[in-house]
Amino acid sequence: MDEIYHHALKLLRRKDYTTRQLLNKLSARFGDVPERLAEQLVAKGYLDDRRYADNFAERHSDHHRNWVRQALQEAGVDDETVDIVISNRSWPSLPDVLKAKIVVRRLQPPLERRDVARLFRLLSRLGYPEEDIREVLEQLHEQ
């Protein structure tokens, strides 16, 4: 158990994990991992799904909230924690994100077709619905 515990600490020094992610990683290396190991790490504050979710949401603040929700659920964060984290943040609107990306990329209206396509792909990767992206890009083109 000491070897597994020390390896878990080594992993957690590099990056934050959810409980499920860490247990999966440890199981892949050591096979059966005692459940009390995770309990010890949580009790000492080394492992915290809420902290992971807050940090993840902060790093992905320009993504659509549903994309963040799905990514957190896939990482093993429970639904209640995900709901709290999602509801505690103010998420930018699609037009606000689009304007920010235009500024970052130093684009000037009127946008060329390839720039519109790049923006579409970028916003799509950020998890925004394609219909909404098309609508906002059309509004931008009309201005």
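Predicted model: local features only at pLDDT ≥ 70, side-chain atom pairs only at ≥ 80, totals over all residues.
Helices, as named here, are DSSP runs of at least four residues, numbered from the N terminus.

Arg-29 belongs to helix α2; because its relative accessibility is 54%, Arg-29 counts as exposed. Lys-15, by contrast, is placed in the loop between α1 and α2. With a relative accessible area of 47%, Lys-15 is partly exposed. Lys-15 and Tyr-52 stand 37 residues apart in sequence, and their C-alpha atoms are 9.7 Å apart in space.

The loop between α1 (2-14) and α2 (19-30) also holds Thr-18. Thr-18 has a relative accessibility of 0% and therefore counts as buried, the cut-off for that class being under 20%. From this position, the side chain of Thr-18 reaches the backbone oxygen of Ala-75 at 2.6 Å.

Glu-131, Asp-132, Glu-135, Glu-138 and Glu-142 make up a negative patch on the surface. Among them, Glu-135 is located in helix α9 (residues 130-142), and its relative accessibility of 47% makes Glu-135 partly exposed.

Side chains of opposite charge can pair when their charged atoms come close. The structure contains eight salt bridges. One of them joins the side chains of Asp-62 and Lys-101, with an N to O distance of 3.0 Å. This pair connects distant parts of the chain, 39 residues apart: Asp-62 lies in the loop between α4 (49-59) and α5 (65-75), while Lys-101 lies in helix α7 (residues 94-104). Asp-62 is partly exposed, at a relative accessible area of 23%.

Another salt bridge brings together the side chains of Arg-134 and Glu-130, at 3.9 Å from N to O. Arg-134 and Glu-130 are about one helical turn apart, because four residues separate them in helix α9. Arg-134 is partly exposed, with a relative accessible area of 42%, and Glu-130 is likewise partly exposed, at 41% relative accessibility.

A further salt bridge is made by the side chains of Glu-112 and Arg-114, at 3.2 Å from N to O. Glu-112 counts as partly exposed at 44% relative accessibility, as does Arg-114 with a relative accessible area of 47%.

Definitions and conventions
Residues numbered from 1 in each chain as written. Heavy atoms only, no water. Patch = residues over 30% accessible without salt bridge, like charges linked within 9 Å, V, L, I, M, F, W, Y side chains within 5 Å. Areas by Shrake-Rupley, 256 points an atom, 1.4 Å probe, with all protein chains shown as cover. Salt bridge = Lys/Arg side-chain N within 4 Å of Asp/Glu carboxyl O. Lys, Arg positive; Asp, Glu negative; His and termini not counted. Charge placed at Lys NZ, Arg CZ, Asp CG, Glu CD. Helix = DSSP H or I, 4+ residues; strand = E, 2+ residues; numbered from the N terminus. Buried < 20%, exposed > 50% of the residue type's maximum accessible area, 1.4 Å probe, protein only. Polar contact = N/O pair within 3.5 Å; in protein donor to acceptor, adjacent residues only side chain to side chain.
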